[in-house]
Structure formats: C-alpha cells, structure tokens
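Open the model in your viewer and get ready to select. We will go stop by stop.

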Amino acid sequence: MRQQTIDNDYIHRPDNRKLDHLPGDYGKPLIGYTFAMLKDPFSVFADMRARYGDVYRFNTTFQRMLIVSHPDYIKLLTLDPEQIFSPRMGYHGPLKDFFKGGLLMRDFGEHRVHRRIMQTAFKTDSMRRYVEQMNPIIASQASDWSQQNDFRFYPNIKKLLLDIGANVFLGLDMGADETVKLNQSFLDMMAGSLALIRKDWPGLGLVYRKGMNGRRELERFFIDLVPKRRAVDGTDMASYFAKETDDNGELFSDEVVAQHLIFLLLAAHDTTTSVLTMTCSFLAHHTDWQDRVREELASAADKGLAYDDLPTLTHTENLFKEVLRLHPPVPQFARRTVKDTEIGGHHVPADTLLQAPVLYIQRMEEFWTDPHNFDPDRFAEGREEHKKHPFQWAPFGGGAHKCIGLHFANMLFKCVLGEVLTRYRLEFPEGYEYPSPIQHFPFAKPVDDLPLRLVPLR
Ligand code: HEM
C-alpha cells in the first residue's frame with residue numbers, strides 16, 4: 001500500500017465549505033434541508049439522488065457537506081485504505097464536547113492503540129457472563145410492566161437498559177443511589193448533546209449546561225472508579241478496561257479509561273433502545289411475526305436464554321436484521337477528509353464533511369425487493385437478498401471503527417425479547433392508528449413512545 005503522511009493539523013482546521021463545483025444544492029437559505037429531513041429523510045435522499053447522482057453537495061443542520069449515497073461509498077469511507085476519512089472530524093460538531101476521547105473520536109494509529117482497551121470486555125467468556133448478569137434484571141423489571149396504566153414501551157426499555165448498563169458495564173448495584181444519580185447525569189448529557197444553544201453558561205438553565213454538568217459528574221465518578229476496579233477481580237466492562245495495556249504494556253490512565261466508558265455508554269444505550277422499540281412496534285402490528293418469534297424463543301429456553309441458545313434463533317436473528325435495515329440506529333456515517341481526494345470522479349477538497357446515509361442506502365431498490373416493507377424473511381435461506389453487495393446492509397459500519405458492541409447488541413436484543421414475548425402478548429391500545437409517526441433523528445422511535453397493552457401469558 002502507498003505510504004501516506006497524515007498532516008495532524010487537520011484537527012485544527014475549519015470545515016471546507018467550498019463545494020459549489022460539485023452537483024447538488026443546499027436547499028433553503030441557512031437551514032438547508034434540515035426540516036425536510038426531520039419529516040421524511042427517505043424521500044429527501046431519493047429525490048436528491050434522482051436529480052444529482054450518487055455524490056452530491058447538501059446542507060442540513062447548518063452544515064455543508066457531501067452526501068455519498070451508495071454501498072460502494074460506505075465501503076470506501078469505513079475501510080478507508082488510504083487513511084483519508086476522519087471519523088473524529090466527521091462527528092466533531094455534534095459529539096466533541098460530550099464524548100471527547102471516545103473510541104470513534106480517535107483516528108487512525110491512535111484509534112488502533114485505543115481499541116485494545118476494549119478487547120477483553122468483548123471476548124466470548126465475558127459475553128457469556130453478561131448474559132447471566134442481564135437475564136435476572138430483565139425478568140425483574142419486565143414483570144412489573146403490566147402493573148402500569150398507560151404503559152409506554154420506550155421509557156420503560158430506556159430505564160431497563162440504563163440499569164443493565166450500570167450493572168454490566170460498570171459493576172454497580174441496581175437501585176443504589178449512586179446508580180440512580182449516574183443514570184440521570186447520563187440522560188442530562190444525552191439531552192445536552194442535542195441542544196440548539198450550545199453554551200456552557202451558568203445560571204440560565206441551559207440544557208447544554210446541564211448536559212456538560214452531567215459529563216463532568218460522570219468523569220469525576222469514573223476517574224474515581226477506575227483505580228478501584230483495577231484492585232478487584234470484577235467481571236464488568238469497567239474492570240476489563242481498567243486493566244488493559246497499550247502497545248508498550250503500560251496501563252491506560254484513569255482519565256482515558258473514563259473517556260472510553262462515557263463513550264461506551266453513549267454508543268450502547270440509545271442504539272439498543274431504538275432497535276428494541278422499533279421492533280416491538282413492528283411486532284404489535286405484524287402479529288404473525290410476533291407469534292413466530294415467541295414460539296422460537298419459548299422453545300429455546302423457558303428460564304431466560306443462555307448464551308449458547310442465541311445463535312440458534314434464526315427467525316429472531318432475521319427480525320433483528322430487518323429492523324436494523326429499516327431503522328438503523330446510526331442513520332448516517334460521518335467523516336471528514338484529511339486531504340484532497342477524488343470520489344465518483346469528483347474532486348473533493350481536504351476538510352470536507354461527508355455523510356453516507358445508511359438509512360437510505362439500506363432501502364435502495366437496486367438491492368432490496370419492496371424496500372420500505374417489513375419482511376424479515378428477505379434474510380432467510382433461499383432468499384438472502386442482503387448478499388448482493390457486502391455493504392448494502394451495514395448498520396454496524398465496517399473497517400477499523402466497526403461497532404465493537406455488535407454481538408452484545410444482538411445478545412441483548414434476544415434476551416429482552418426472550419423475556420418480554422414469552423411473558424406478554426403485545427397489542428396496540430384500542431383505536432391506535434398504525435403506522436404512527438416516527439422520529440428519525442437522532443435515533444428512530446415512534447413519536448408517541450409506543451403505547452402498548454401487555455396481555456400476560458404466564
Ligand atoms: C443495535 C445497536 C447498535 C448499533 C446499530 C451500533 C452501530 C454502530 C456503528 C454504525 C458504529 C460505527 C460508526 C461509524 O463508523 O461512523 C458503532 C461504533 C461503536 N459502537 Fe456500536 N452500535 C450498537 C450497539 C453498541 C453497543 C451495545 C456497544 C457497546 C456495548 C457499542 C459500542 C460501540 C463503540 C465503542 C463504537 C466505536 C468503535 C470504534 O470507533 O472503533 N455499540 N456502532
């Protein structure tokens with residue numbers, strides 16, 4: 001491979017906004033396509049592609065960028081053989097203050113060294129233990145759900161997954177004051193990362209300020225936690241991270257481990273919340289699929305699933321894939337060029353923001369039959385529609401930054417459904433109109449938080 005010299009100054013340079021030589025348009029003055037995207041991103045991307053081709057300039061959330069709209073470009077951006085595409089600068093705008101130092105915010109050689117910090121935490125033995133730790137938490141919380149009036153799936157799954165995170169990721173006791181406080185700091189931070197007014201000013205009640213306070217609180221807590229985890233033989237992710245060493249055999253500093261833990265919580269939480277919420281919405285409507293998956297899960301295990309049961313669940317697996325295809329929790333992959341390059345025959349200057357809209361690419365008619373329809377069997381043996389292009393289905397990305405938690409997400413998905421579907425039949429409340437409006441950004445979920453009637457089965 002050609003030797004590349006990477007100019008590290010790229011992290012200090014502003015975004016390149018000179019894209020007028022490229023096909024495309026910026027939409028409305030200033031706001032560009034922001035509101036159109038919030039309403040119906042699929043139509044916006046389909047329309048732009050029909051007018052301008054696979055590579056076009058665009059403007060959304062006040063940023064000028066290049067959209068690269070084909071599986072070939074997901075491959076190019078994620079495999080990045082010439083080290084041209086920086087995730088750190090791609091995600092710099094939305095994530096820099098809250099998730100600095102996280103794995104996706106580190107590029108190239110530095111990223112490779114830091115990814116080691118997570119290696120033991122995601123090995124098979126560790127994963128096997130997480131299943132054992134998770135199942136009782138899921139069973140205990142799900143058993144209380146039917147007591148609630150006006151049950152909404154989204155806030156309940158969010159709470160359940162926060163509690164699982166505190167236990168499995170951080171080794172904390174459930175329900176302890178510190179867990180409740182940490183979960184709140186995390187929620188504040190997530191809300192802050194989406195704030196429109198991005199000022200860390202005290203006294204004005206700004207959401208952003210509250211979010212930054214949440215981040216500072218988490219940092220303090222984790223920096224204190226790391227040495228304690230080094231001293232014990234824990235089986236939570238924080239314990240594994242704390243003991244990992246770099247290429248020279250040196251431990252990572254407490255601050256660095258804390259940064260990775262904060263990012264891990266972000267990467268794991270809303271993604272899994274989104275896919276489980278969208279799944280239960282589909283299942284409440286497609287009751288044939290609800291029955292089919294319930295039957296499969298029930299026959300695999302009657303007392304919580306074991307790690308070895310998970311690969312045998314083919315219908316559940318195809319369901320997972322289909323929901324991730326229709327509503328990928330990371331809807332667009334962001335990068336920024338570190339130097340001039342060429343994409344699809346177009347000159348792309350250094351420091352240009354790029355986005356690959358995986359949410360649109362996974363619904364392209366060239367690759368999928370009736371792409372907007374829910375049809376998990378498209379992944380089943382005999383059809384295997386996903387095998388035309390290695391990147392036509394890429395909800396977990398690819399290359400060096402490919403999601404490190406993809407097996408964990410898969411496991412969590414199956415364990416939660418294993419409990420929920422064998423305990424309840426999911427129905428919409430009377431008069432519910434399906435499909436209900438979906439919020440697509442930052443993570444897909446029904447706007448109404450998915451009200452459900454849970455009919456006990458045991
Ligand atoms: C269905 C759930 C999930 C989806 C769809 C998902 C998707 C992704 C995607 C697309 C990326 C790469 C983004 C890019 O290249 O621009 C990523 C990275 C990452 N994910 Fe996930 N994720 C999920 C769950 C999880 C979970 C449960 C964890 C941890 C337990 C996790 C940890 C991470 C980390 C640490 C990275 C950064 C990897 C790196 O930069 O090397 N994710 N995820």
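This is a predicted model: local features need pLDDT of at least 70, side-chain atom pairs count only at pLDDT 80 or more; totals for chains, interfaces and linings use all residues.

Select M127, Y130, V131, M134, N135, I138, A139 and A142 in α7.

Next, show α7 (residues 124–145) and α16 as helices. Their axes come within 10 Å and cross at roughly 35 degrees. The crossing of α7 with α16 is right-handed.

Stay with α16 (406–423) and bring in the ligand. Both α16 and α12 (254–285) supply at least two residues each to the shell around the ligand. Which helix gives the most to this shell? Select α12: its share is six residues, the most given.

Now select the whole shell. It holds 25 residues, and the closest to the ligand are A267, T271, G397, C403 and G405. How many shell residues are nonpolar, polar or charged? There are 18 nonpolar, six polar and one charged.

Keep α12 on screen and move to the largest nonpolar core. This core has 78 residues. Its largest share, 16 residues, comes from α12. Select F241 and L261, the residues with the most contacts inside this core. Then centre on L261. Beyond its neighbours within four places in sequence, L261 is in contact with F222, A238 and F241.

For the last stop, select V55, L66, V348 and Y360. They are among the 36 residues of a second, separate core.

Terms used. Residues are numbered from 1 along each chain as its sequence is written. A residue is near a molecule or strand if its C-beta atom, placed from the backbone, lies within 6 Å of it. Helices (H or I, at least four residues) and strands (E, at least two) are DSSP runs, numbered from the N terminus. Ala, Val, Leu, Ile, Met, Phe, Trp, Tyr, Cys and Pro count as nonpolar, Asp, Glu, Lys and Arg as charged, and the others, Gly among them, as polar. A nonpolar core is a set of buried Ala, Val, Leu, Ile, Met, Phe, Trp, Tyr and Cys residues joined through C-beta atoms within 7 Å. A residue is buried if 20 or more other C-beta atoms lie within 10 Å of its own, exposed if 12 or fewer, and partly exposed in between; C-beta atoms are placed from the backbone. Two residues are in contact if their C-beta atoms, placed from the backbone, lie within 7 Å. Axes are lines fitted to C-alpha atoms, for helices over the stretch in contact, and angles run from 0 to 180 degrees between N-to-C directions. A crossing is left-handed if the near helix is turned anticlockwise from the far one by less than a right angle, and right-handed if clockwise.
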